[in-house]
Amino acid sequence: MRLATVVVIAAAALGGRARAQCPSVCLPGGGPARTDCVIEWSGLPGMTASCVDGTGCDQDGVADGTCTFPLLACINVTGSADCTPGTLAGPPTVKPAKAPAAQALASALGALDPAGHGCTALGIAAPLKVGLPGIKTATSRLKATAVSGGLRDADKLTLTCQPNPTPPSFSAAVLPIFSAKCALPSCHSGPSPSGGQNLEPGHAYAESVGVASINLPHLMRVQPGSIKKSYLARKVLGQGIGPTSRMPQGCPAVIPPVPACLTDAEVFTILSWIQGGAANN
């Protein structure tokens, strides 16, 4: 049986319907049939989905701390005998408003013409929990609400992002970050590096893993398996480091001689390597 057929059957079992506006199958999302056409969904077999970061279910295929679900939302969907779409009273709202996934979905919905039939671009990003306690599974529980012609359609969506169990390679993923952003003149390079830690190739691993920090001697620069107990992790996060500055120096503001601050993806790569055991591979 072909994959497309499987998806259609699964969606149909959950109440999905083929509609002109949806690329594959529309999911009404729940609630009364007379309001379902105000906002519908496509791309997933149901309103609850789980994904491991960087695997086949992640649209970008990269383990970067965010699962991009192949989901889109469509408004004013036609073709239902039970629901007649009209003009939206305003952009659909998505709660909780502070959640990154909710903000991304609300922004995509807000770009649609409220008087027309349209769908968001494919892809809604739901992040992992990333911080000193570690990299952990995160569930984004969203409620999207749209109003049209007095009809109020409120749908609930649950997206769970799980960490990838395979840590990044030190030589292929972590060391290039150190070389580009940290092993700079008058910083972590040369015979007298900042903090006594040289992050140039040939030095970075030996002077990081299992070596006590100078500024916080009770911490290792890198404690394999523990973000919280690794001074380097605290430095790139800018958390739990007292009066010392975030790494690279001068960040989050970019000032000379720093060429650029670490991106969120670069920070995640370093943290994922540490949590995954900090192997020299």
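In which sense do strand E4 and E6 pair, and over how many bridges? Strand E4 (residues 72–75) and E6 pair in the antiparallel sense, over two bridges. The structure is a predicted model, in which local features need pLDDT of at least 70, side-chain atom pairs count only at pLDDT 80 or more, and totals for chains, interfaces and linings use all residues. Residues are numbered from 1 along each chain as its sequence is written, and side-chain values use heavy atoms, with hydrogens and water left out.

Helices (H or I, at least four residues) and strands (E, at least two) are DSSP runs, numbered from the N terminus. Two strands pair if DSSP finds at least two bridges between them. Three strands form an open sheet. Their order is E1-E4-E6, and the pairing is antiparallel. Strand E1 (39–42) and strand E6 (118–119) are the edge strands. Each of these pairs on one side only. Within E6, Cys119 is the bridge partner of Cys74.

The cysteines of this pair are also joined through their sulfur atoms. A disulfide joins Cys74 to Cys119, with 2.0 Å from S to S. The link is right-handed, with 100 degrees about the S-S bond. It connects distant parts of the chain: Cys74 lies in strand E4 and Cys119 in strand E6, 45 residues apart. A disulfide is counted here as a pair of cysteine sulfur atoms within 2.5 Å. In general terms, a disulfide is a covalent bond between the sulfur atoms of two cysteines. Cys74 counts as buried because its relative accessibility is 0%. Cys119 has 24% and so counts as partly exposed.

By the distance rule, the count comes to five disulfides. Among them is the link of Cys37 and Cys83, with sulfur atoms 1.9 Å apart. This link is left-handed, with -65 degrees about the S-S bond. It too joins distant parts of the chain, 46 residues apart. Cys37 lies in the loop between helix H1 (3–13) and E1. Cys83 lies in the loop between E4 and strand E5 (93–95). Cys37 is buried, at 0% relative accessibility. Cys83 is buried as well, at 2%.

A disulfide also joins Cys51 to Cys57, with an S to S distance of 2.1 Å. It is right-handed, with 95 degrees about the S-S bond. Cys51 has 1% relative accessibility, so it counts as buried. Cys57 has 30%, so it counts as partly exposed.

Cys57 is also one of the residues that Thr68 touches. Contact means heavy atoms within 4.5 Å. Thr68 is placed in strand E3 (residues 66–69). It counts as buried because its relative accessibility is 15%. Not counting residues up to four places away in sequence, Thr68 touches Cys57, Asp58, Gln59, Asp60, Gly123, Ile124 and Ala125.

The closest cysteine sulfur to that of Cys187 is, in turn, in Cys182. Cys182 is buried, at 2% relative accessibility. Cys187 is buried too, at 14%.

Aromatic rings were examined next. A pair of aromatic rings is described by the distance of the centres and the angle of the planes. Rings of Phe, Tyr and Trp (its six-membered ring) pair if their centres lie within 6.5 Å; planes under 30 degrees apart count as stacked, over 60 as edge-to-face and the rest as tilted. A search of the whole structure finds four aromatic pairs. One of them is formed by Phe170 and Phe178. The centres lie 6.3 Å apart, the planes stand at 65 degrees, and the pair is edge-to-face. Both Phe170 and Phe178 are buried.

The rings of Tyr205 and Trp273 have centres 6.3 Å apart and planes at 65 degrees, so this pair is edge-to-face. It links distant parts of the chain, 68 residues apart. Tyr205 lies in the loop between helix H3 (170–181) and helix H4 (231–237), and Trp273 in helix H5 (residues 264–275). Tyr205 is partly exposed, at 22% relative accessibility, whereas Trp273 is buried, at 1%. Phe170, Phe178, Tyr205 and Trp273 form one aromatic cluster.

Note on methods:
Buried < 20%, exposed > 50% of the residue type's maximum accessible area, 1.4 Å probe, protein only.
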